[in-house]
Amino acid sequence: MRKRFAKLGVTRLARMVEISRILNSATNLDQVLTHIIKEAATLTNTEAASILLLDPRTRDLFITASSNEIPEHLATTPVPLDSSIAGAILQANRPMYIPDVSQDPRWNKGVDKAIEFQTRSILGVPMRDVDRQPVGVLEAINKKSGEFTRQDAEMLTILADIAGVAVERARLNEDLQQAYAELNDLDQIKTDFISIASHELRTPLSVILGYLSFLREESSPEMMAQFDTVLDAAVHLRTLIQDMLNFQYVDTGRDTLELSQIDLVALVQEMMAERDETAVAKQQTITISLPDTPLPIFADQGVIKVVINNLLDNAIKFTPQGGQISIKLSQHGQEAWVCVNDTGIGIPSEQLDRIFRRFYQVESPLRREHEGLGLGLAIVKELVELHQGRIWVESEEGRGSHFYVALHLDGQAQGPPAGK
Ligand code: ADP
């Protein structure tokens, strides 16, 4: 390689470095091909240049780019590997010089005819991928004056080496972009499905709940217990649907928030005014610890309620009969902190980060004792982040958990709005 560079001369070497830089930074396959064609014709001082690439799936060779306009039917017709000049170069995996194509039986006159061009001579080199396997052919066509030189062949070979890798990279990049777009589409379909399904489920469920409550009031004492069981199940279903509905906030982002100044202390006081039926049934005590002064935050009241309710529901759910749960509000510097504590089953330390992922649950789905979709904390985290806040958990397995939410106090400097 050093010998090859020595012969190239400083100007040409500098040009190759520049070409390599441009090709390495290009991500679009068409851009890469157009650039290679232009440089191949300039470097070898020829009338035209063409690139033929192997289809990675069918292994057919196609004219993929050319200085001449290639009609659609030619671009989509495979060039036969066994009876064409490009096919011979590809299969031999080495450069070839054809000084007079009219004397070569492998020459296909049809192409010239279709593009109204007259090919006289061809210098062709294989384009190779990083594993040195041929992926295509680069051809310089019709030297403008004189014959092709050894230096032309060397320049074209180096260019083809750089180009082969650039083509491979551009293709990978395009595949990646396509996979990313498909994933985005799938994600959108999933979100739409959750949103439609939850809306559709809510209406009939409201009817069921309404009639159940009414029938329960009217029922005999013996029937009451049965109605309670059915009502419990229906309420549970409503919670699951609410989790699904909360997705709307997450996927539409900050724009849907109805922000106003609220006092976190007053909000929690109001929320805790009613005793939680499930906690009562499990004989759990819920205590509240509030500061003496208000904690003003600029937030969506409904969303903050969703956050606190989710953490509280989890504390109740994952704490056994007779356990203790507490909610503590406090000021830390420029932030208001909400801490939801329980004396429940706790979370193994290696799972602490994962529980905030969508659909993640510590218990195996097949051996679960607790109900739920595994969506609550993922939604809570995204809702807190929409408010530019933070959420984290401290926990010890078997001893309980402490979930913290930190929100900026209103009037305190905040970072740029969370993008979404
Ligand atoms: P879900 O409660 O519907 O399963 P979440 O996203 O709310 O989903 O919680 C994810 C998982 O995190 C739960 O399945 C549970 O394993 C764990 N977890 C959440 N809160 C607690 C808690 N207070 N104590 C113990 N584990 C918890």
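The model is a predicted one, and its chain is divided into domain 1, covering residues 2–180, and domain 2, covering residues 257–408. Between the C-alpha centres of these two domains the distance is 62 Å.

**Surroundings of the ligand**

- The ligand has 20 residues around it, and those that come nearest are Asn314, Asp342, Gln361, Gly374 and Leu377.
- For asparagine 314, a polar side-chain atom is placed 2.8 Å from an oxygen atom of the ligand, while in valine 362 a polar backbone atom is found 3.0 Å from an oxygen atom of the ligand.
- Serine 401 also takes part through its side chain, where a polar atom lies 3.5 Å from a nitrogen atom of the ligand.
- On its own the ligand has 530 Å² of accessible area, and the protein covers 97% of this.
- Helix H12 (301–317), helix H13 and strand E12 (400–408) are the elements that give two or more residues to the shell around the ligand, and H12 provides the largest share, with 3 residues.
- Sorted by class, the shell around the ligand consists of 11 nonpolar, 7 polar and 2 charged residues.

- Helix H13 spans residues 376–386 and is mostly covered, with 8 of its 11 residues buried.
- The buried residues of H13 are Gly376, Leu377, Ala378, Ile379, Val380, Leu383, Val384 and Leu386; Leu377 is also one of the residues that come nearest to the ligand.
- Glutamine 388 follows H13 and sits in the loop between H13 and strand E11 (390–396).
- The phi of glutamine 388 is near 60°, which is a positive value in a residue other than glycine.
- Glutamine 388 has a relative accessible area of 15%, and because this is under the 20% cut-off, the residue counts as buried.

**Strand E1 and its partners**

- Strand E1, made up of residues 46–54, is mostly covered, since 8 of its 9 residues are buried.
- With strand E5 (residues 134–143), E1 pairs in the antiparallel sense over 7 bridges, and within this pairing alanine 49 has alanine 140 of E5 as its bridge partner.
- With strand E2 (residues 61–66), E1 is joined by 5 bridges, and these two strands also run antiparallel; here isoleucine 51 has alanine 65 of E2 as its bridge partner.
- In a regular strand, side chains alternate between the two faces of the sheet.

**The turn between E1 and E2**

- E1 and E2 form a hairpin, and 6 residues lie between the two strands.
- Arginine 59 is located in the loop between E1 and E2, and its phi is near 65°, a positive value in a residue other than glycine.
- The relative accessibility of arginine 59 is 46%, and because this value falls between the 20% and 50% cut-offs, the residue counts as partly exposed.

Notes. Residues are numbered from 1 along each chain as its sequence is written. This is a predicted model: local features need pLDDT of at least 70, side-chain atom pairs count only at pLDDT 80 or more; totals for chains, interfaces and linings use all residues. Side-chain values use heavy atoms; hydrogens and water are left out. Buried means under 20% relative accessible area, exposed over 50%, partly exposed in between (1.4 Å probe, protein chains only). Helices (H or I, at least four residues) and strands (E, at least two) are DSSP runs, numbered from the N terminus. Two strands pair if DSSP finds at least two bridges between them. A residue is near a molecule or strand if one of its heavy atoms lies within 4 Å of it. A polar contact is a pair of N or O atoms within 3.5 Å; within protein, one must be able to donate a hydrogen and the other to accept it, and residues adjacent in sequence count only if both atoms are side-chain atoms. Accessible areas come from the Shrake-Rupley method with a 1.4 Å probe; for residues, only the protein chains shown count as cover. Ala, Val, Leu, Ile, Met, Phe, Trp, Tyr, Cys and Pro count as nonpolar, Asp, Glu, Lys and Arg as charged, and the others, Gly among them, as polar. Domain bounds come from an automatic or database domain assignment.
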